[in-house]
Structure formats: structure tokens, C-alpha cells
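Subject: Structure handover

Hello,

Here is the structure I promised to pass on. Please open it first, then read my notes below.

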Protein chains: 2
Amino acid sequence: MKIRIRDLDMARTNPREKDKPGPTEDHPDIVIKGGTLLSMAEGESPVDRARVFIKGDRIVDIKTSDGAERYPEGTEVIDAENSVIMPGLINAHSHTAMTIFRGYADDLPLKQWLFDKIFPAEAEHLNHETVYWGTLLGCLEMIASGTTGLVDGYFFPEDTVRAVHKSGLRALIAQGVIDFPAPGVSDPEENLITGWKFLERWRGFSDLITPGLFCHSPVTCSDKTLKTSMEISNDLSLPLQIHLSETSEEVEEIVKRTGQRPVHYLNGLGLLNDGLIAAHSIHLDDEEMELLAGNDVRIVHVPESNMKLSSGVARVSEMVKMGLTVGIGTDGCASNNNLDLFQEMDTAAKLGKVFTVDPVDMDARTVLRMATSRGAKIMGLEKETGSIEKGKKADIIVVDMDRPHLVPLYDPISTLVYSASGADVKDVIVNGRILMKDRIFLTLDQEEIMERVRAISRDIGS
Amino acid sequence: MKIRIRDLDMARTNPREKDKPGPTEDHPDIVIKGGTLLSMAEGESPVDRARVFIKGDRIVDIKTSDGAERYPEGTEVIDAENSVIMPGLINAHSHTAMTIFRGYADDLPLKQWLFDKIFPAEAEHLNHETVYWGTLLGCLEMIASGTTGLVDGYFFPEDTVRAVHKSGLRALIAQGVIDFPAPGVSDPEENLITGWKFLERWRGFSDLITPGLFCHSPVTCSDKTLKTSMEISNDLSLPLQIHLSETSEEVEEIVKRTGQRPVHYLNGLGLLNDGLIAAHSIHLDDEEMELLAGNDVRIVHVPESNMKLSSGVARVSEMVKMGLTVGIGTDGCASNNNLDLFQEMDTAAKLGKVFTVDPVDMDARTVLRMATSRGAKIMGLEKETGSIEKGKKADIIVVDMDRPHLVPLYDPISTLVYSASGADVKDVIVNGRILMKDRIFLTLDQEEIMERVRAISRDIGS
């Protein structure tokens, strides 16, 4: 198993622009035709028999009238008959490389899971190779289930960058920062310099990838680490991620240590601003919710992981009503155990309803928005992606609705959230590049990646 | 749209036995080979490279040693390389024909959903044809997602019988009984005679189909209806289904009406015995749980519907620990909105953990047992199906694990519950008959069924 350094030699620009002769002004590169368009643009309803025109990395036109155009030779035509054309989903919280630990440790008490299984396995088995191949497997899975953008934070993030770059997905990829010895950062004194070097190295590397920092949590990072991480992030106009109030124990710990609840504590350190992405955000009181909303902090709801680890249920419906930007994420595969955002949307909607005892809460449209346009806002890319609009980047998926469990079709949004799964996704386009067509992966070698991760798992499991 | 009466002319015996020349003693009809066997027999662990031999409707041998046999011409060989061979799943609570209402009414207040949408739509649109085609669509979906047995209760059940018989699935199919005018039973005075006629007509019709009664609920059925339904069911040794304490409102209603909580009330009527199948069973106090356990009542957990309608969370983990037989069901497609038991298992496990705040609760093995061997016990068929054992009926599915989201594979049970979805099922065998091979349906015409239900939905939606 050798890391292929040539992956790093790829262009710093959009591969399409480099690899293909530029089309003439009137010729689209790709036309998606015949499907129901669900643009997720504010206020728009589904439109039947739409056509979406893509040139380079952008959507250049959308036609919704019937038309029997002929397209110039070389135009890639994607047939969306009996399908929905929609923005790709955005996984706003993941540790993608953790696919290598999928199913390794389930149904255990939380401390045993973390201290006896996950932390030791990470310490022993995370390295450049395992993170690279684990991330590639996660990218395969995300492409296969209609995810076009992801927010990641983990260790060896340069290998995550290499893998995501190879896959063609759009991503915010962060260096994990923690005040303990960590995989790839054995001396905690080096954690911020490691993070800073990571940002410097990968800023501007690709239109598709934004580097960042990820402070593990208020419990595992010191005042200084938290403050400095935010200062660095602010200076470079990059978002800072953090796990916020995932368990009641960590809230108690912070209160004991600082006399304040976590959100107040972070506020005192100057962390509450629209550059902060707070994942989980479960154990919050009313005042903390107001503080988060007042400071435009971005929230990521992670329902399945929160359920599986019995962490609790976030007050998401209230947050959405307060105007907070809330995205949706899967977390890593050790606590989910898949990256299928269609299933995550379904769970988010249903968990929300039973938690508030109100079947109107977390309706399908709200949840689909969280996974698309709101996810784009979590990434800081709401002007570029998250909806299908002329001028935006072409991050688009086609979902095949011609399947028994998606029939009949009274309301595409309802059916996508409550009935569909990732396996119904047919085609995936990111930045104008086709990553999957008719369920064939075009950028990644499925067999090789699965074999590599199987080999890694034999080491871990032995 | 015409009902094809010829469907009723099919043999009353297993079609395999009729259609094919009988094999000689040593020749299996079907061999499944090369996969990991998850027999779900009590105390057994997964076994690699197993071979399962089927003759007629039964499993005649299981070999777990390596062997390069040649099979006689005419033996159907199913390749389970990189796959799991496991018992088919059992959907212990469904109103299958409600596929026609999938996505018709979501995200509404409960009363508006029921009284403004579902009840009127049922009154107007349920008939022999819509139930027949809706059930066929549900059967397609169940086969596609690895369900081999179902427990159904609805109106026009004779059309459900016809459809399920055509599909080849195993089922307990019940006539809905309610003391209000109902689809197909306009005069409530006729409800029990209608039910009795249904039982008389379909008993013994097929090895695969058992008829039954389904009392809608203690709120909507009178004392007399409840008692008589149980007497008829007991006389014929058939189980009786009921919706039990699905909402807190109906519990209050029963308490107001009778001075007793629903389980005590049913106990007084003589309904608590091992012939009662109680679906939902959410709002129960400790004493009611003890009563149910002491009387061997069979419970069906319906997590996704309970979440979507915000009915509440059943105390399933406690029930299992008390020794109650608990199966798992999807409910109808108006409140789920699919029939995928793999996703339902995942939700059951995760909801259980977050509800009890214990990540050890509702572990993957417990949940998989609920959907297989326990489901068989709900159907009253635990000696015949629910596990892969020599002499049992061949109700078997093969799940393709060679997919990105199912790699790596530390523990097949964990991966099946937490990572898989119905779309990963490759082959489905019921009663020794192959219903789906390599995802091709062998008993049902997918295109015709989807077209018919689309036509029905245009009437409903207009």
C-alpha cells in the first residue's frame, strides 16, 4: 500500500477547465433533461419536464417549457425521465475516514466505546494511508447516496484533502485540534502550528476544497487553544468547527470548571460569531439558544449519531424557528453507521416530531432545505451552491423515482424525505463534473478502494 | 382496469410442487452457496462460506465446510459470494394497500391528517381494485427490501389475499373490524359476519396465507365486537390483531369510558392471551406491561410511524427484557412512508438507545431477532420460519455486502442493522420459490403494477 503522491500534482483549478477544450459560447457541456426540477431556490415549487444546462463548472440556463432541442455533438445528455433533478446534498458534519471503523464497536457503554475501542484504534491505526483510503471509501459512499459537499474534521487532514480532491467532491476539510496527544500530532504543544501549516498549505489549492480548523470540544481544548484557533480562522476568513454540548456530562464538566454553561463560556472567549460551526448542539438552555442565534453561529444537527450514542435530542425545530442556520450531518461511521443523508433526513424529520410531540414540526421541506441550501450556508457557500439557479455552481443530483417504494408521487419533497434512500440516486454532478452516471463511479475505483479498506480492517480487527 | 379473476384459480398448494417435476431424493431444487450464513437460530454465530440446500418448500441441508460439489442439471444455484444468507424479514404490522396513499398527506396535525385526509380518501377510493393494486405495489416493495412475511390488516382483505398470493409472500391477512361504516362494510352491524365469512372462505386456501381478524382499537370497537372477535379467533385458532394504546388521547378516552386503562379493560373482556397481536403498545404503565407479559400477548413495535405521527415511543427494551414476544412493523405507507424493514431496524435500535439514554439497549442482535425469529412467532409460525434451520420452510434472503456503505465487515449483524438498507437485498426466496433473483422480480410485473397505482393516485390526488 503506497500513497500515490501524483494525486497531489493535479491542477489547482477545476479539472474540467483544464482537461477539456472550452466549448463555444452557445454549447452546453451537459444537459439534464426530462425530470422534475426541485431547485430548492427560495419560494420555488417543483417544475415538471425541466432542462438544466451546464457549461464548465456552472449552471448556465434552466428551461422549464417543453422543447425538443438538438444538442451539439460532444454535449453530454443526462436523461432524467421519471426522475427528480435536485441540488446535491451537503453533509455538514463528518469524520469521513472513520469508515475504516464502521461496525467495529457498537452497542457499548459510551466510555467503553470511546476509551476501550475508538481512541485506542485511532491511536494505533490512523496514519496517512488509512485516512486516505478510509476517506476515499467515504467519498464513494457519499457519491453513491447523492452527497456533493461535505464538512469534515479529523486527523491527517492532508490525506483527506488528497482523497476528496481525487473524488471530485466539494469540501471544507479541517485539521482536528485537541490538547492531548493525537494521531499525527503527538505533541499537543504543536497542535496549533500544525493546524496553521495545514491552512497555509491548502488554501487556494482548489476551488472545491477549503481548509479549516476543528477544535475538538470546549472540554478537550484549553482557553488559549480555543481563542487562538478562532483568531487564526478569523484572520484567514475560514470557518472554525467545534463539537458543542454533545453530552450532558461535558456540560457539567464545563460548568464545574468555569462556572458557566458552554455557550456562555465560548462567548467569553470570543468564539460566538458567524464563523463558528457548532456540531451536535444538544444540551442547550433557552439563554444559550438565544446567544447562538444572536451571534449567527451555524448549527449542525446530527440526529442518528446522537441517537445511537444516546447523547440526546437537539432542539432543532426551535432553532430553525429562531432563524438559526441549521445543517444536517451524519457524523463518522463509527456512530451511525453510514453516510446516507436521505436516511438522515428521514430520521431528522421523524425524531423531531416525536420529540416535540407535534407531527407538523420538522416538515419535509424544512429538512430538505437543511440538507441543501442550509448546508451550503454552513460551508459558507450559499451564493455558489445548495440550489439549482442560473449562475450557480453545478452541484446536482438526479434521483430515479421509477421504483416501487417511490410510487405514487403526490409530492416529490415528501417522497424524497420519507421514502427515498441514497440508493435511488442515479447521477451525481459536482462543479460541472460528472462523478457518477447511471450508478457508475467515474472518478474513483470502487473495487480497489473497497479492497484497500478491507485490508486495513483486517489489521484493526486482529 | 379489470380484476383478473384467474388469479384466484391458482393452486391451493405450493406452486413449486405443482409447476415443477419433483426432484429425486438427492437432488436439491436450489443451492445457495458461498455466503456468510446468519441463521438466526438460537445461540448460533455467523458462519463463513456456507451452503444452504432447498428442496420443495423446505431447507433440507446446511453445509458449512468448504466443498466443491457439482449439482445436478436443473438445480438453481444462487451465488452468495460476498453476501449474507439470512432469514427473510417479517413485517409484523402493515396495512399494505396503503401504498396508494404514500406521500398523500404528510406533516399535518394528527386530527387533520386522519379526518380531513386519510379517512375521506379511504371512504372514497378504497375498493377491490385499489386494494388489489396497492397491495401488489406493497408486495413489490417488500420483496425488493428483503421481507418474506407480513402481518396485514385492512379492508377488502380478499383482494389483499389475491395480491399476496400472486406475489408468493407468506402472510397473515386480516379483515378490519370497526363499529363505524367502513370501506367494504357499510353497515357496522355486518362487521363480524363479514369477518367470519372472510375467515371461512380463506382458511386452508394456501399454505402461505392465514386469514384473521383485526379489531381497529378498543376505542373504535364495542365490548361486544371485541369479545366476539376474540371468541371467533380462539375457536378457529387464529390470532386477533388490534391497535393498542397508540396515542395518549385514546388511553384517556378508555379511562373516561370504562374507568380502566386499556390493557385492564381488554383483560376484563378476556382478550389477553397468546392469540392477541397488539400493535404500537406505546402508552402503557408498569402494571399493564406486567399484564401483557403474564398473558403472553404478542407485541409489535412500529417505531417510524410512531415517530412520524408523534404518537410516542414504546418501552420496547423493557418489554424484551420482560420476555415479551416483540416483533417489528412498518405500519402503512401513509405514516412511514416506506416498507423497508432494514431502515426500520436501524431506527428501532437508535430510537431505543436515545429514549432510555443507554447505548447498550436495543442492540443490533436483539433488533434483528425482532425482525426475524420474533416476527415468525408473531405470525404463529416460529416452528416453520424465522430462522435458517434444516427442516424449516425456505424463507431466505441474500444480501449483497460488496457495496461501499457495507465495507469493511467486522460484524455482519451490526452492519445489517446499522448500515444496510433494503436496496442491498439481492435474492429473495419464500417457501422454496424464488421471488427475486439479482433484483429481478420473478412473480410480479413491476411496470404494470407501478402504472396501475399511478393511475389510481391521479384519481386520489385530483
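Which residues in helix 3 of chain A meet helix 4 of chain A, and which residues do they meet there? Please keep in mind that this is a predicted model. On the helix 3 side of chain A, the residues are His128(A), Val131(A), Tyr132(A), Thr135(A), Leu136(A), Cys139(A) and Ile143(A). On the helix 4 side of chain A, they are Glu158(A), Asp159(A), Thr160(A), Arg162(A), Ala163(A), Val164(A), Lys166(A) and Ser167(A). By class, this contact has seven nonpolar, four polar and four charged residues. Helix 4 of chain A covers residues 157-167, and helix 3 of chain A packs against it at an angle of about 35°. The two axes are 8 Å apart. The crossing is right-handed.

Next, the interface between the chains.

In chain A, 62 residues are in contact with chain B, and 62 residues of chain B take part. About 4800 Å² is buried between the two chains. Carbon and sulfur atoms give 59% of that area. On the chain A side, Asp107(A), Pro404(A) and Tyr410(A) lose the most area to chain B. Together they account for 16% of what that side buries.

How many salt bridges are there between chain A and chain B? The count is six. One pairing joins Lys350(B) to Glu304(A), with the closest N and O atoms 2.7 Å apart. Between chain A and chain B there are also 28 residue pairs in polar contact, both residues being at pLDDT 80 or more.

Several helices of chain A give two or more residues to the side that touches chain B. They are helix 3 (128-144), helix 10 (303-308), helix 12 (341-356), helix 15 (412-418) and helix 16 (446-461). Helix 16 of chain A gives the most, with eight residues. The residues on this side of chain A divide into 30 nonpolar, 16 polar and 16 charged.

Now the salt bridges as a whole.

Over all chains, the count comes to 52 salt bridges. In one of them, the side chains of Lys393(A) and Asp57(A) meet at 2.8 Å, N to O. Lys393(A) lies in the loop between helix 14 (373-378) and strand 14 (396-400) of chain A, and Asp57(A) lies in the loop between strand 2 (47-55) and strand 3 (58-63) of chain A, so this pair ties together parts that are 336 residues apart in sequence. As background, side chains of opposite charge can pair when their charged atoms come close.

Start with Tyr71(A), in the loop between strand 3 and strand 4 (76-79) of chain A. Leaving out residues up to four places away in sequence, Tyr71(A) touches Val31(A), Lys33(A), Arg51(A), Phe53(A) and Val77(A). From Tyr71(A) to Glu189(A), the distance is 59 Å, C-alpha to C-alpha. Those two residues are 118 apart in sequence.

Then go to Ala293(A), in helix 9 (residues 286-294) of chain A. Which residues is Ala293(A) in contact with, leaving aside its neighbours within four places in sequence? They are Met322(A) and Leu324(A). The C-alpha atoms of Ala293(A) and Arg162(A) are separated by 35 Å. Along the chain, these two are 131 residues apart.

Last, some backbone details.

Most residues other than glycine have a negative phi, and most peptide bonds are trans. Arg49(A) is not a glycine, yet its phi is positive, about 50°. Arg49(A) lies in strand 2 of chain A. Asn336(A) and Asn337(A) are joined by a cis peptide bond, with omega about 5°. Asn337(A) sits in the loop between strand 13 (326-328) and helix 12 of chain A. In chain B, a cis peptide bond joins Asn336(B) and Asn337(B), and omega is about 5° there. Asn337(B) is in the loop between strand 13 (326-328) and helix 12 (341-356) of chain B.

Best wishes

Note on methods: Residues numbered from 1 in each chain as written. Chains lettered and ligands numbered in written order. Predicted model: local features only at pLDDT ≥ 70, side-chain atom pairs only at ≥ 80, totals over all residues. Heavy atoms only, no water. Contact = heavy atoms within 4.5 Å. Buried area = accessible area lost by both parts, 1.4 Å probe. Salt bridge = Lys/Arg side-chain N within 4 Å of Asp/Glu carboxyl O. Polar contact = N/O pair within 3.5 Å; in protein donor to acceptor, adjacent residues only side chain to side chain. Helix = DSSP H or I, 4+ residues; strand = E, 2+ residues; numbered from the N terminus. Nonpolar A, V, L, I, M, F, W, Y, C, P; charged D, E, K, R; others polar. Axes fitted to C-alpha atoms, helices over the stretch in contact; angles between N-to-C directions. Left-handed = near helix turned anticlockwise from the far one by under 90°.
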